[in-house]
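Subject: Structure handover

Hi,

Here is the structure I promised to pass on. Please open it and keep it beside this email while you read.

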Amino acid sequence: MTKGASILPEPQRRALRRACRLQLVWLAVLASIVTAIYFSLGNSQAMKTAWVEDLLSFVPPLAFLVSVWFEARAPSDRFPFGFIRGLSIGYLVSAVALAAVGGFLIVDSAMALIKTEHPTIGTVRIFGVTIWFGWLMIAALIYSVILPVIFGRMKLKLAHSLHDKILLSDALMNKADWMTGLAAALGVVGIGMGWWWADAVSALIIAVDVLHDGVKHTGAAIRDLVDEMPRTLDDSAFEPLIREVRDHVDGLDWVASSRLRLRQEGRFLTGTVFVVPRQEEGLTARIEAEERALLGLSWRIHDVSIMPRQELRMPSTAPAAGDMPAPIRPGAIRLTGRG
């Protein structure tokens, strides 16, 4: 059974359509922001860093749209498991890009401090009036902050509805853009007051924030791809669906003991439940019925196979204390991760 984006439950299908439309609108808005910042760069290192960060902001929405397109494709002979993991790959691509540019911006800003560069901001005539160019720079920064914060709040709600990590990281970047705008504006004001170092320091603050987000999301993306036990969208705890699946199988009267392995693939969960049955009579029908029941627990459960065994071999290494959602009991489901 394929549970790609094309056959999501209706509420999630509507949310996905809204998210795609929102990202398309956001790309157009982002293009206008990048243009506004570009024509007001001046000699400010902070403005340059803010502009590069805005350019980087194209990566998550594009990765989201491409991943959704791949996710909806049906399985084939060459790809029998489908393309549901495309979302995880897109998440990794956007996170690595974020971290790489953050590192580059740190080096670039640090070099400006080391060289003790003294940027200047001149004046410009508009409609016959001479004004300090810094005011135009600050106006462009304000424009670059207000809209991303609004779009970020809209994306955040959809990210939770769809359990979409690319959309979540994009939303958090948008919501944090006020920090970028504030830091860059302080750098511009610092230049106007003769504090040559304020511009480079502001750029460095922005770059560190970009690198922090990139490293954080890269780690989460890698853990998903190496099949860590699934975690919540914000990566703060184990996925509650683990307990639901465990409790469901633990309550079956024909199961003597079992062990559960789940992994995250994009927005979906897949895995295997190894069971020691109490009786073999009607075992095939029982297994098929329970596999359907497990798929019905949540739209996010994409594929779970129940595999009968005569005995269960437990992992040779146990998770560290506090790593398990609940204590392991004799006869209960044992949880292992491959991350």
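Start with Val-201, which is found in helix H8. Please remember that this is a predicted model.

Is Val-201 buried or exposed, or in between? Its relative accessibility is 31%, so Val-201 counts as partly exposed. The band for partly exposed runs between buried, under 20%, and exposed, over 50%.

Val-201 also belongs to a group. Together with Val-189, Met-193, Trp-195, Trp-197 and Ile-205, Val-201 forms a nonpolar patch on the surface. The accessible area of these residues together is about 560 Å². Which helix gives the most to the patch? That is helix H8, residues 196–225, with three residues.

Next, look at helix H4, which spans residues 86–114 and holds Ile-106. Ile-106 has a relative accessible area of 21%, so this residue is partly exposed. The cut-off for buried is under 20%.

What does Ile-106 touch, leaving aside residues up to four places away in sequence? The list is Leu-204, Ala-207, Val-208 and Leu-211. Ile-106 and Val-210 are 104 residues apart along the chain. Their C-alpha atoms are separated by 9.3 Å.

Now go to the strands. Strand E4 covers residues 268–277 and is mostly covered, with 10 of its 10 residues buried. Both of its faces are covered. On one side sit Phe-268, Thr-270, Thr-272, Phe-274 and Val-276.

E4 has two pairings to trace:

- Strand E3, residues 255–265, runs antiparallel to E4, and 10 bridges join them. Arg-263 stands opposite Thr-270 in E4.
- Strand E5, residues 301–308, pairs with E4 in the parallel sense over seven bridges. Here Gly-271 stands opposite Val-304 in E5.

How many residues lie between E3 and E4 in their hairpin? There are two. Look at Gly-266 in the turn: its phi is positive, at about 65°.

Send me your questions once you have looked through the model.

Best wishes

How values were computed: Residues are numbered from 1 along each chain as its sequence is written. This is a predicted model: local features need pLDDT of at least 70, side-chain atom pairs count only at pLDDT 80 or more; totals for chains, interfaces and linings use all residues. Side-chain values use heavy atoms; hydrogens and water are left out. Helices (H or I, at least four residues) and strands (E, at least two) are DSSP runs, numbered from the N terminus. Buried means under 20% relative accessible area, exposed over 50%, partly exposed in between (1.4 Å probe, protein chains only). Contact means heavy atoms within 4.5 Å. Patches are made of residues with over 30% relative accessible area and no salt bridge: like charges are joined within 9 Å, nonpolar side chains (Val, Leu, Ile, Met, Phe, Trp, Tyr) within 5 Å. Accessible areas come from the Shrake-Rupley method with a 1.4 Å probe; for residues, only the protein chains shown count as cover. A salt bridge is a side-chain nitrogen of Lys or Arg within 4 Å of a carboxyl oxygen of Asp or Glu. Two strands pair if DSSP finds at least two bridges between them.
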